[in-house]
Amino acid sequence: MSKSPPRAWTPDSADRRVGLFKAFHRRENTRHLFGFFLGSEYPMPRYPFSRNLPEGRPLAPEDFDVPAFVADSERLFLDHESCGGDFLYSASAFWGIPWLEAMLGCPIFANRQTGSLYAEPPPNFTSDALPAFDPDGPWPRLMAEMLAALAARSAGRFPLATTRMRGVADLLAALYGSDFVFALLDKPDEALRVARHVTDLFIACGRFQLDRIPLFHGGVGSFYYHAWMPPGTVWHQEDAAALLSPELYAQFIEPFDRQIVAAFPHVVMHQHSTGFVPTEKYLDMGMSALELHIDSGGPSAQALYDRHLAILRERPLIIWGDIPPADLDWLFAKLPPQGLAIITVVQTPEQAYDLWKTYVER
């Protein structure tokens, strides 16, 4: 075992880490994989180029400075490498953009106070006039431009990944706004028709990106998690499903989640640990890997123990969060390493190195 985490990219270090993740996906890794997410998780603090975005009006694709975005991505790669660890920095089309919402006609806005970009319901929204995915549309063109520029800048040093794509429940919430749940109850036929439409959009956009992402050691990345993934992997999430009952999820969201999983070779599912989270359903769908946040103010690692074990019995698990020391102690002491990768937020490379010494070199 190395005495310290590697702190600079080399072909050998990339080979080593890809090998670790291949074993992780087979659930054959012999120690817990461990890595670091440096700095803020919010897009505007993370990508300085975005701080120049105008506020107070809807954003347009031409507001995004692609060369400046790519320069920020290069810096993030170098920052990631300075922390060492097992994970591989992954780049994607700027994940701060609510891409699918913008493609559906939602106006999107920048908010420097929160550090995020957000979408509002389309003006005069009607369920019969939703746009289909258009590869020549302005937002897909921006996405393709960003991916091409990132691929050129990477030059094989880091993988590319699909960006954050919010799922069916999230997109229904974006379109209907605060009336999201009431729309399911009051207009079920319409809501199902809209769910079918946004599912088609999600699948088309995922395939559009994968067609433009070069393979990295035979696979792709996973933005945000910095995990190597098998080829054809897409990110998925259903955060707004936390507002639903199990019955509403089963009626309005589950059939379309199953359609999304069937449409791609591999899907990694993002989950928070609070509210209703249909982990058992996700396991039954054939997801290739599940991610489960340890959320600030949410359940502790000990409280999530049974859910962690249930996932690990069937799928690889990524645990992400600004993980407190007591939770890290629990995860490394109590959970088996096979199929488990842990990535925690750090503020400096020195903090990352101290954690590596504590949990890997020990």
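I started with D257, which is buried at 0% relative accessibility (buried means under 20% relative accessible area, exposed over 50%, and partly exposed in between, using a 1.4 Å probe and protein chains only). I was looking at a predicted model, where local features need pLDDT of at least 70, side-chain atom pairs count only at pLDDT 80 or more, and totals for chains, interfaces and linings use all residues. Residues are numbered from 1 along each chain as its sequence is written, and side-chain values use heavy atoms, leaving out hydrogens and water.

I found D257 in helix α10 (helices are DSSP runs of H or I with at least four residues, strands are runs of E with at least two, and both are numbered from the N terminus). Which residues does D257 touch, leaving aside those up to four places away in sequence? I noted V168, H236, E238, Y249, M269, Y282 and M285 (contact means heavy atoms within 4.5 Å). I also checked D257 against T199: they are 58 residues apart in sequence, and their C-alpha atoms are 8.0 Å apart in space.

**Helix α8 against helix α10**

Next I looked at how α10 (residues 254-263) packs with α8 (residues 188-210): the angle is about 20° and the axes are 10 Å apart. Here axes are lines fitted to C-alpha atoms, for helices over the stretch in contact, and angles run from 0 to 180 degrees between N-to-C directions. The two helices, α8 and α10, are therefore roughly parallel (angles under 35 degrees count as roughly parallel, over 145 as roughly antiparallel, 65 to 115 as roughly perpendicular, and the rest as oblique).

I listed the contact residues: α8 gives L192, A195, R196, T199, D200, F202, I203 and R207, while α10 gives F256, Q259, I260 and A263. Of the residues in this contact between α8 and α10, 7 are nonpolar, 2 polar and 3 charged. For that tally, Ala, Val, Leu, Ile, Met, Phe, Trp, Tyr, Cys and Pro count as nonpolar, Asp, Glu, Lys and Arg as charged, and the others, Gly among them, as polar.

**Helix α6**

I wrote them down as V168, A169, D170, L171, L172, A174, L175 and Y176. They pack against α4 (99-103), α7 (180-186), α8, β4 (233-237), α9 (246-252) and α10. Just after α6, I spotted G177 with a positive phi of about 65°.

**Helix α13**

In α13 (residues 325-334), I found D327, L328, W330, L331 and F332 buried. Their cover includes the strands β1 (33-38), β6 (289-294), β7 (317-321) and β8 (340-346), along with the helices α12 (305-312) and α14 (349-359).

**Salt bridges**

How many salt bridges are there? I got 15 (a salt bridge is a side-chain nitrogen of Lys or Arg within 4 Å of a carboxyl oxygen of Asp or Glu). In the pair R26 and E28, the closest N and O atoms are 2.8 Å apart. R26 is partly exposed at 49% relative accessible area, and E28 is partly exposed at 48%.

K187 and E190 also form a salt bridge, at 3.8 Å from N to O. I looked up K187 and found it partly exposed, at 37%.

K357 and D354 are another pair, with N and O 3.7 Å apart. They sit 3 residues apart in helix α14, so about one helical turn separates K357 from D354.
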